[in-house]
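Take a look at the protein shown here. This report goes through its helices, its ring pairs and a few of its loops.

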Amino acid sequence: MASNNPPATTPIPLLTPYKMGKFNLSHRIVLAPLTRSRSYNTIPQPHAAVYYSQRATEGGLLISEATVISNTGQGYPETPGIWTPQHVEAWKPIVDAVHAKGFQPNGEAPISCGTKGVTPGIKGVDWSPPRPLRTDEIPNIVRDFRLAARNAIEAGFDGVEIHGANGYLLEQFMKDQVNTEREDQYGRSLENRCRFPLEVVAGVVDEIGGDRVGMRLSPYADYLETKDSDPDRLGVYMANELNRFGIAYLHVIEPRMVRIGERMETPHSLLPMRKAFKGTFIAAGGYNREDGNRAIADGYVDLVAFGRLFLANPDLPRRFELDAPLNKYDRKTFYTPYPVAGYTDYPFLDLHA
């Protein structure tokens with residue numbers, strides 16, 4: 001006897017629900033943290049509420065742009081801060097909008113693990129030479145992270161992601177091609193180089209709880225000449241150490257593809273880190289719909305973070321659901337100071353066309 005029931009459809013892996021600690025996610029498509037350079041004088045602006053709420057879905061995870069923890073911590077112009085009450089108040093309507101639907105002052109030298117700076121002219125910028133962070137100053141930086149985390153929770157964020165990637169301060173300490181000069185407990189050995197980032201994690205977890213904390217790492221990247229000679233060992237070591245703190249997730253940037261013989265291949269895999277880390281594992285780095293579905297289906301990752309595709313497609317989960325065409329991103333407007341162009345003007349899918 002023939003059935004009148006429609007045939008069962010195969011679920012789309014990226015659109016299956018997932019429980020990340022106490023957070024029940026309705027799908028596995030994550031907004032990656034994307035610097036947008038539109039927070040004038042470090043104050044988040046009202047247009048950010050439009051930008052983030054456009055990309056919000058019920059039960060979706062959004063990771064906000066990298067946010068500055070102190071007045072000496074700004075790496076790029078017009079990036080948002082979170083160290084003052086004014087910052088907290090500016091963030092509140094942005095966080096509320098999502099829930100309803102995430103340069104140096106006084107000419108001071110930037111701080112780093114040592115004196116090694118970025119080669120002048122990289123990315124068209126003549127970078128200021130850094131000074132090494134003194135051992136007695138490190139507890140102050142940890143306190144800055146704690147205060148920033150507390151302020152983020154006060155502003156209404158569900159949690160914080162500690163940025164240990166993309167050439168920022170914590171990664172500078174971890175990578176042995178940058179941290180080459182220190183003779184104290186923060187230099188030379190792998191354990192010493194990772195000590196400061198792990199002290200930050202410990203401080204932030206103590207401040208707001210591990211279930212509200214994630215960390216981003218890029219052991220295989222050499223962004224702004226921040227490179228390590230043994231990224232496999234660094235990545236697995238950090239994954240194992242982070243288990244001690246019971247953090248909600250580990251977010252790792254995929255290695256870039258390189259030419260091996262006649263083909264473009266990824267010389268490293270995140271699988272050893274994925275196996276080592278006991279919590280939710282997120283990967284980012286050039287994924288599309290097909291790649292993301294495969295990574296979820298194969299158990300390679302739990303969640304996939306999308307950057308440029310989510311930037312240009314505020315309704316990315318819906319487009320992936322329908323396998324609809326995607327808007328093309330405009331790289332020229334990634335970091336412009338204009339509040340609309342390339343920020344809140346990407347069109348949504350027209351289902352009536």
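## Helix α7 and its neighbours

The buried residues of α7 pack against α4 (169-174), α5 (190-193), α6 (195-208), β8 (213-217), β9 (249-253) and α8 (271-276). Those buried residues are Pro231, Leu234, Gly235, Tyr237, Met238, Ala239, Glu241 and Leu242. The helix itself runs over residues 231-242, which makes 12 residues. From first C-alpha to last, α7 reaches 16 Å, close to the 16 Å expected at 1.5 Å a residue.

An α-helix has 3.6 residues a turn, so residues three or four places apart point the same way.

Keep in mind that this is a predicted model. Its mean pLDDT is 90, and 92% of the residues reach 70 or more. Where does pLDDT stay under 50? That happens over residues 1-8, for which the model has 0 contacts beyond four places in sequence.

## Helix α6 and the glycine after it

Next comes α6. Its 14 residues should span 20 Å at 1.5 Å a residue, and its end C-alpha atoms are 20 Å apart, so the two values agree. The buried residues of α6 are Phe196, Pro197, Leu198, Val200, Val201, Gly203, Val204, Val205 and Ile208. They pack against α3 (138-155), β7 (160-164), α4, α5, β8 and α7.

Which residue follows α6? It is Gly209, and its phi is positive, near 95°. Gly209 lies in the loop between α6 and β8. Its relative accessibility is 22%, so Gly209 counts as partly exposed. Gly209 and Asp184 are 25 residues apart along the chain, and their C-alpha atoms are separated by 29 Å.

## The whole protein

Now step back. The protein has 11 helices and 13 strands. Its C-alpha atoms fill a box of roughly 80 × 45 × 40 Å, taken along the principal axes. For 353 residues, a compact globule would have a radius of gyration near 20 Å; the protein has 21 Å, which agrees. Buried residues make up 50% of the 353 residues. The accessible surface comes to about 17000 Å², and 53% of it belongs to carbon and sulfur atoms.

## Aromatic rings

How many aromatic pairs does a search of the whole structure find? The search finds 9 aromatic pairs. One of them joins Tyr51 and Tyr52. This pair is edge-to-face, at 4.9 Å centre to centre, with 75° between the planes. Tyr51 is buried, with a relative accessible area of 1%. Tyr52 also counts as buried, because its relative accessibility is 1%.

A pair is also formed by Tyr329 and Phe334. Their ring centres are 5.7 Å apart and their planes stand at 45°, so this pair is tilted. Tyr329 is partly exposed, with a relative accessible area of 32%. Phe334, in contrast, is buried, with a relative accessible area of 6%.

Ring pairs also build a cluster: they link Tyr51, Tyr52 and Tyr343.

## Loop residues

Some loop residues deserve a look. The table gives the accessibility of three.

| Residue | Relative accessible area | Class |
|---|---|---|
| Ser37 | 9% | buried |
| Arg134 | 44% | partly exposed |
| Glu225 | 33% | partly exposed |

Ser37 lies in the loop between β3 (29-31) and α1 (46-54). Why is Ser37 called buried? Its relative accessible area is 9%, and the cut-off for buried is under 20%. Leaving out residues up to four places away in sequence, Ser37 touches Glu65, Pro77, Glu78, Tyr335, Thr336 and Pro337.

Arg134 sits in the loop between β6 (131-132) and α3. From Arg134 to Ala248 is 114 residues in sequence, and 31 Å in space, C-alpha to C-alpha.

Most residues other than glycine have a negative phi. Arg188 is not a glycine, yet its phi is positive, at about 75°. Arg188 lies in the loop between α4 and α5. Glu225 also has a positive phi, near 65°, and is a residue other than glycine. Glu225 is found in the loop between β8 and α7.

Terms used: Residues numbered from 1 in each chain as written. Predicted model: local features only at pLDDT ≥ 70, side-chain atom pairs only at ≥ 80, totals over all residues. Heavy atoms only, no water. Helix = DSSP H or I, 4+ residues; strand = E, 2+ residues; numbered from the N terminus. Expected span 1.5 Å × (residues − 1). Buried < 20%, exposed > 50% of the residue type's maximum accessible area, 1.4 Å probe, protein only. Contact = heavy atoms within 4.5 Å. pLDDT = per-residue confidence, 0-100. Phe/Tyr/Trp six-rings, centres within 6.5 Å; stacked < 30°, edge-to-face > 60°. Rg over C-alpha atoms; globule rule 2.2 N^0.38 Å. Areas by Shrake-Rupley, 256 points an atom, 1.4 Å probe, with all protein chains shown as cover.
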